[in-house]
Amino acid sequence: MALPAKMRAVEVAKPGGPEVLTPVERPIPVPRPNEILVRVAAAGVNRPDMLQRMGLYPVPPDASDLPGLEIAGEVIACGAAASLWRPGDKVCALAHGGGYAEYCVVPEVQALPLPKGLSLTEAASLPETFFTVWSNVFDRAGLKPGETLLVQGGSSGIGVTAIQMAAAMGNRVFATAGSDEKCAACVRLGAQKAFNYRTQDFAEEVKSATGGKGVNVILDMVGGDYVPRELKCLADDGRLVFIAFLRGPKTELDINELMRRRLTMTGSTLRPRPVEFKGAIARSLRERVWPLIEAGKIKPVIYKTFPLAEARKAHELMESSQHIGKIVLTV
C-alpha cells in the first residue's frame with residue numbers, strides 16, 4: 001500500500017502554555033531496522049507531554065520532537081530486522097515521542113497486542129502508565145502478594161492503573177485524591193479506602209486502616225513535604241518509590257527512622273531507559289497483566305477524548321486536574 005508523503009501532526013511551536021501546540025504537516029517517519037511504523041488511531045496524553053510543552057522536559061537526542069509517548073493503531077510497515085509484527089496487526093505501544101501524529105515509529109519490542117475486547121482508543125490509554133506502574137511498583141519496589149500499597153494521586157492516569165493492577169494481583173490498596181468524588185472513584189476501581197488529602201491526614205488514616213502497621217509500598221508522584229509523612233505510614237521494611245515530584249524535588253529526611261525501620265527509598269524515570277529495558281517490561285505486561293485486562297479485571301479509565309487537532313484543549317483539561325483517569329487524542 002502506497003503511503004502519502006505527508007501526515008498531520010501536532011508540534012510544540014515554542015515552550016509555553018497549551019496554545020503553543022500547533023497542527024502541522026510533517027513527512028511520515030521511516031522505521032529503523034528494529035522498528036515498526038504504526039498508523040495511529042489514538043494517542044494518550046500524559047504529564048510528561050505537558051512538561052515537554054513547557055520546556056521543562058528535554059527531548060532525548062534520539063527521540064522525535066513531537067509530543068506523545070503512547071499510541072494504538074495498525075502496523076503499516078516493518079523495519080528490515082523487525083520480526084515480531086506484520087502489517088495489519090493491531091497494537092498499542094510505548095513511543096519514544098512522536099505520538100501526536102497520524103503515523104509513528106516505535107521499537108517493535110515496545111508494542112503489545114490489542115487486548116481482546118478493547119477498542120484502539122481504549123488501548124492507547126494503557127502503555128505509558130502500565131509500563132511505569134509495573135516497572136516501579138512490581139519491579140523496583142517489589143510489591144509481593146498479600147502486601148499493601150498506598151497510591152498517591154489515585155485518580156490520575158497513573159493512579160487508576162496502579163489501583164487496578166495491584167488490586168487485581170490480590171493486594172490491599174489505599175489511595176489519596178483531592179476530592180470526595182475522586183476518592184469514591186478510587187474505591188470503585190478497587191482501593192479498599194481512599195483519603196481526601198485536602199481534609200484528612202493520610203498518614204494517620206493509613207496507620208489506622210492498617211492496625212498501626214503501615215503500608216508495605218508507597219507509589220509517590222508528589223515528593224516535597226509529603227516525604228516525612230510517607231515515612232511515618234510505611235511499615236517496617238517498607239519501600240517508597242518516586243515517579244515524579246509535583247510538590248518539589250527536595251525534602252527533609254530522618255535518616256534514623258530509615259535505619260531503625262529498614263526503609264527503602266527509590267525511584268525512576270522511564271523515557272531515558274534503553275529499548276531492551278522497555279522490551280522486558282512489555283514482555284512482563286503481556287504475560288502477567290494482559291490476561292487480567294482480557295478477563296475484565298483491569299479496565300481502561302478514559303475521562304475524555306479530543307481530536308488530534310484539539311490537543312490544546314486536552315492539555316487545558318489535564319492542567320485543570322478535573323479529570324479522573326486518562327485523556328486521549330483520537331486521530
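Q: Helices are DSSP runs of H or I with at least four residues, numbered from the N terminus. Which helix gives the largest share of the lining of the largest cavity?

A: First, a caution: the model is predicted. As a general idea, rolling a probe the size of a water molecule over the atoms shows where empty space is left. Here the count is one cavity of 30 Å³ or more, and the largest cavity has a volume of about 50 Å³. Helix 4 supplies the largest share of its lining, three residues. Helix 3 (127–140) and helix 4 (157–168) each contribute at least two.

Q: What classes of residue line the largest cavity?

A: Six nonpolar, four polar and two charged residues. Among the lining residues are Phe 130, Val 160, Gln 164, Ile 298 and Lys 326.

Q: What is the volume of the second largest pocket, and which residues are closest to its centre?

A: The volume of the second largest pocket is about 470 Å³. Of the 28 residues in its lining, Arg 32, Glu 35, Asp 62, Ser 64 and Val 105 are closest to the centre. Strand 2 (21–27), strand 6 (103–107) and helix 9 (275–294) are the elements that give two or more residues to this lining. Strand 6 has the largest share, five residues. By class, the lining has 15 nonpolar, six polar and seven charged residues.

Q: How many salt bridges are there, and is Glu 70 buried or exposed?

A: The general idea is that side chains of opposite charge can pair when their charged atoms come close. The count here is 15 salt bridges. In one of them, Glu 70 pairs with Lys 326, with the closest N and O atoms 2.5 Å apart. Glu 70 lies in strand 4 and Lys 326 in strand 15 (residues 326–330), so the pair ties together parts that are 256 residues apart in sequence. Glu 70 is buried, at 0% relative accessibility, and Lys 326 is buried at 3%.

Q: Where in the chain do Asp 65 and Arg 26 lie?

A: These two side chains form a salt bridge (2.8 Å, N to O). Asp 65 is in the loop between helix 1 and strand 4 (70–78) and Arg 26 is in strand 2, so the bridge ties together parts 39 residues apart in sequence. Asp 65 is partly exposed, at 42%, whereas Arg 26 is buried, at 18%.

Q: How many residues apart are Glu 316 and Arg 312 in helix 10?

A: Four, which is about one helical turn. Their side chains meet in a salt bridge (2.9 Å, N to O). Glu 316 is partly exposed, with a relative accessible area of 37%, and Arg 312 is partly exposed at 34%.

Notes:
Residues are numbered from 1 along each chain as its sequence is written. This is a predicted model: local features need pLDDT of at least 70, side-chain atom pairs count only at pLDDT 80 or more; totals for chains, interfaces and linings use all residues. Side-chain values use heavy atoms; hydrogens and water are left out. On a 1 Å grid over the protein atoms alone, a cavity is a set of points where a 1.4 Å probe fits but cannot get out, and a pocket is an open set with protein on both sides within 12 Å along at least five of seven lines; lining residues have an atom within 4 Å of a point. Grid points are joined across faces, edges and corners, and a volume is the space filled by probe spheres set on the points. Ala, Val, Leu, Ile, Met, Phe, Trp, Tyr, Cys and Pro count as nonpolar, Asp, Glu, Lys and Arg as charged, and the others, Gly among them, as polar. A salt bridge is a side-chain nitrogen of Lys or Arg within 4 Å of a carboxyl oxygen of Asp or Glu. Buried means under 20% relative accessible area, exposed over 50%, partly exposed in between (1.4 Å probe, protein chains only).
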